[in-house]
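Grab a pencil and open the model in your viewer.

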Amino acid sequence: MFFQNCYEILSKYGSSLLLGVKTTLIVSLIGTAVGLALGLVVGGFRAAKLDITAAPAARFFKKLFDVIANIYITVFRGTPMMVQAVFIYYALLNVVHWDTLTAAIVVISVNTGAYMAEIIRSGIQAVDSGQTEAARSLGMSNSQTMFSVVLPQAIRNAFPAIGNELIVNIKDSSVLMIISITELMFQAKSIAGSTFHFTETYFIEAMIYLLLTSIASIILNIIEKRMNRTTMTIPMSDTDPSNAGLMENKQG
């Protein structure tokens, strides 16, 4: 009886569930990508260190940025996404007149950005300082060192955590039904209310979420393995094997 009801729900409401899956993937994928870009900016600037020759104005703006970034990270990591969704959506509704899909993407993006900023900052700090010193000794500027040497290694180091954020967003997008976005949880709730088969409907929903996160995990593991095949080292000289240089070695 249980599985028969599940089959009937899938037969009758399969298109609605597929629409919910589509919306869930759009929100989670775009939100994670934008959040990663935001995290790269915030985390990169937080981890950046000014030279002793930096102008007082540069030091002032660096401190100001750090204060604003700390507030942003504290607020969005310390409050539930559901509360953020309701506040941001209704606070800006009369200003930008946006739809729920756009609002949901913005909410996930800024929420993910706060977590990504800390992930990227930790990844940058995990890179051996000798890499930076070697790059600078080769005449590379601060920006060249960051974008060509430090950041690629930081992203590779932090990739498992970055991928985990995508999986978390696929699941946590369910709370966005609070602003009536037609994602998977919203569709399941509507179907359960129409059929009164709550157990069967939410069982189907749970299996769909499990399938989505499992596929995402497999894809992320493949990408991570390919990234780990390439290592970047930086020899400061050809005669000193203990130092490093800018080259990529293919392993395996």
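**Exercise 1.** Find which residues of helix 1 meet which residues of helix 2.

*Solution.* Start with the helix 1 side: L38, V41, V42, F45 and R46. (Contact means heavy atoms within 4.5 Å; helices are DSSP runs of H or I, at least four residues, numbered from the N terminus.)

Next, sort the contact residues by class: eight are nonpolar, one is polar and three are charged. (Ala, Val, Leu, Ile, Met, Phe, Trp, Tyr, Cys and Pro count as nonpolar, Asp, Glu, Lys and Arg as charged, and the others, Gly among them, as polar.)

Before going on, know your model: it is predicted, local features need pLDDT of at least 70, side-chain atom pairs count only at pLDDT 80 or more, and totals for chains, interfaces and linings use all residues. Residues are numbered from 1 along each chain as its sequence is written, and side-chain values use heavy atoms, with hydrogens and water left out.

**Exercise 2.** Work out how the axes of helix 1 and helix 2 cross.

*Solution.* Helix 1 covers residues 2-47 and helix 2 covers residues 56-78; their axes come within 10 Å and cross at roughly 130°. (Axes are lines fitted to C-alpha atoms, for helices over the stretch in contact, and angles run from 0 to 180 degrees between N-to-C directions.) That makes helix 1 oblique to helix 2. (Under 35 degrees is roughly parallel, over 145 roughly antiparallel, 65 to 115 roughly perpendicular, and the rest oblique.)

(Left-handed means the near helix is turned anticlockwise from the far one by less than a right angle; right-handed means clockwise.)

**Exercise 3.** Describe the way helix 3 and helix 4 cross.

*Solution.* The axes of helix 3 (residues 81-96) and helix 4 come within 10 Å, crossing at roughly 130°. Helix 3 and helix 4 are therefore oblique to each other. This crossing of helix 3 and helix 4 is right-handed.

Now the partners: M81, Q84, A85, I88 and Y89 from helix 3 meet T100, A103, V107, I108, V110 and N111 from helix 4. By class, that contact has eight nonpolar, three polar and no charged residues.

**Exercise 4.** Find how helix 2 and helix 4 pack.

*Solution.* Their angle is about 115°, and the axes lie 9 Å apart. Helix 2 passes helix 4 in a left-handed crossing. Residues making this contact include Y72, I73, F76 and R77 of helix 2. In the contact of helix 2 with helix 4, seven residues are nonpolar, two polar and two charged.

Note on methods. Helix = DSSP H or I, 4+ residues; strand = E, 2+ residues; numbered from the N terminus.
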